[in-house]
Amino acid sequence: MARRQIIIDTDPGQDDAVAILLALASPELEVLGITCVAGNVPLELTAKNARIVCELAGRTDIRVFAGCEKPIARKLVTAEHVHGKTGLDGITLPDPTMPVQDQHAVDFIIETLRSEPEGSVTLVPIGPLTNIATALERAPDIAPRVAEIVLMGGAYFEVGNITPTAEFNIYVDPEAAKIVYGAGIPLVMMPLDVTHKALTTRERVEAFRALPGKVGPAVASWTEFFERFDKEKYGSLGAPLHDPLTIAWLLRPDLFAGRHINVEIETGSDLTLGMTVADWWRVTDRAANATFVKDLDADAFFALLTERLARL
Ligand code: BDR
Ligand code: CA
């Protein structure tokens with residue numbers, strides 16, 4: 001089987017951790033590297049957390065790179081109120097022993113896209129888009145070489161989670177998001193509109209906990225930790241498991257539904273900074289630049305995730 005080559009660009013984060021585990025558990029995918037960015041917590045912690053997750057999965061062979069420590073044009077906004085002080089609160093796991101690579105994440109992204117065959121590498125950003133945008137700015141020749149970008153970010157009908165109109169990943173670095181959305185690269189986005197349909201209900205968390213080995217119980221502890229915040233906020237049955245939907249899309253796109261439409265990023269307004277203005281009803285003649293995913297078969301997604309985590 002030809003494996004799809006991916007680079008996961010991430011700011012772990014419990015839901016990022018689950019996305020990484022899903023990718024590592026899936027033989028259809030080859031994780032060329034994990035590039036870390038500042039987001040949920042500062043860079044030093046995201047680069048540490050990514051390695052904790054690889055070691056939990058027994059995958060010390062995966063290369064982890066540290067990237068940009070702050071957004072392109074703004075001060076870093078973090079989300080310890082959701083993810084806890086470490087970014088991975090919920091269970092204490094051993095400090096990682098595998099090293100962070102010496103190469104900067106942005107250089108790794110550029111070098112990989114230049115050296116692998118054109119159209120073979122998919123980027124999966126599940127944090128602020130700083131690393132990806134910096135790579136595109138520094139090396140515009142890589143844009144046509146990217147197979148696809150499949151990201152978690154944005155919202156339209158669900159509006160925002162960090163402000164009334166913006167989703168966290170886009171809000172933290174809206175200038176970066178504007179560069180990525182304008183790069184002419186095929187782009188699939190998992191906005192809050194679909195992630196808010198992937199809820200960690202009690203039954204789903206207990207299915208993780210019941211898995212043999214260390215991974216399932218760790219995932220159950222993580223999801224329980226960040227649930228406390230979202231349940232209170234949304235009054236929902238569980239928390240949205242945002243980031244793993246990107247990996248699930250690569251494995252089973254048939255579980256999702258969306259539209260190929262125009263999506264623009266607001267960078268000029270204080271009030272709506274970081275809003276993903278999605279032309280869902282196609283009322284403008286602006287060219288489509290993103291597949292905006294809005295629905296999923298949540299039961300099938302959780303069945304897939306649980307089955308894959310059981311393999312680790
Ligand atoms: C996104 O923000 C982060 O807190 C999560 O990890 C996810 O990537 C959801 O808005
Ligand atoms: Ca994330």
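Which protein donors does the calcium ion (ligand 2) have, and how far from it do they lie? In this predicted model, in which local features need pLDDT of at least 70, side-chain atom pairs count only at pLDDT 80 or more, and totals for chains, interfaces and linings use all residues, the donors are Asp11 (OD), Asp16 (OD), Asp16 (OD), Ile126 (O) and Asp243 (OD), at 2.3 to 2.6 Å from the ion. Residues are numbered from 1 along each chain as its sequence is written, chains are lettered from A and ligands numbered from 1 in the order in which they are written, and side-chain values use heavy atoms, with hydrogens and water left out. Donors are here N, O and S atoms within 2.8 Å of the metal (3.2 Å for Na, K and Ca), and since water is not among the atoms, sites may look incomplete.

Along the chain, the donors of the calcium ion (ligand 2) follow the spacing D-x4-D-x109-I-x116-D. Distant parts of the chain are linked by Ile126, in the loop between β4 (121-125) and α5 (130-138), and Asp243, in the loop between α10 (215-234) and α11 (244-251), which are 117 residues apart. Helices (H or I, at least four residues) and strands (E, at least two) are DSSP runs, numbered from the N terminus. Ile126 counts as buried at 1% relative accessibility, and Asp243 is likewise buried, with a relative accessible area of 2%; buried means under 20% relative accessible area, exposed over 50%, and partly exposed in between (1.4 Å probe, protein chains only).

Several backbone features were then examined. Most residues other than glycine have a negative phi, and most peptide bonds are trans. A cis peptide bond, with omega of about -5 degrees, joins Pro12 and Gly13, and Gly13 belongs to the loop between β1 (4-10) and α1 (14-24). Val159, although not a glycine, has a positive phi of about 45 degrees; Val159 is placed in the loop between β5 (146-152) and α6 (168-172) and counts as partly exposed at 35% relative accessibility. Arg282, also not a glycine, has a positive phi of about 50 degrees, lies in the loop between β9 (276-278) and β10 (290-296), and counts as exposed at 51% relative accessibility.

The loop between β9 and β10 also holds Val283, which counts as exposed at 69% relative accessibility. Together with Phe157 and Trp281, Val283 forms a nonpolar patch on the surface, with about 380 Å² of accessible area in all. Such patches are made of residues with over 30% relative accessible area and no salt bridge, like charges being joined within 9 Å and nonpolar side chains (Val, Leu, Ile, Met, Phe, Trp, Tyr) within 5 Å, while accessible areas come from the Shrake-Rupley method with a 1.4 Å probe, and for residues only the protein chains shown count as cover.

In the interior, the buried residues of helix α4 (residues 105-115) are Ala105, Val106, Phe108, Ile109, Ile110, Thr112 and Leu113. The elements covering these buried residues of α4 include β1, β2 (29-36), β3 (64-66), β4, α5 and β5, contact meaning heavy atoms within 4.5 Å. Strand β6 (residues 187-190) is covered on both faces, with Leu187 and Met189 on one side and Val188 and Met190 on the other, all of them buried. Strands β5 and β6 run parallel and are joined by four bridges, with Leu187 in β6 as the bridge partner of Ile149. Two bridges pair β6 with β10, again in the parallel sense, and Met189 stands opposite Phe292 in β10; two strands pair if DSSP finds at least two bridges between them.

The structure holds 18 salt bridges, each being a side-chain nitrogen of Lys or Arg within 4 Å of a carboxyl oxygen of Asp or Glu. One of them joins the side chains of Arg4 and Glu148 (2.4 Å, N to O); because Arg4 lies in strand β1 and Glu148 in strand β5, this pair ties together parts that are 144 residues apart in sequence. Arg4 counts as partly exposed at 30% relative accessibility, whereas Glu148 counts as buried at 17%. Another salt bridge links Arg138 with Asp107, with 3.4 Å between the closest N and O atoms; Arg138 lies in helix α5 and Asp107 in helix α4, so parts 31 residues apart in sequence are tied together. A network of salt bridges links Arg202, Glu206, Arg209, Glu224 and Glu227.
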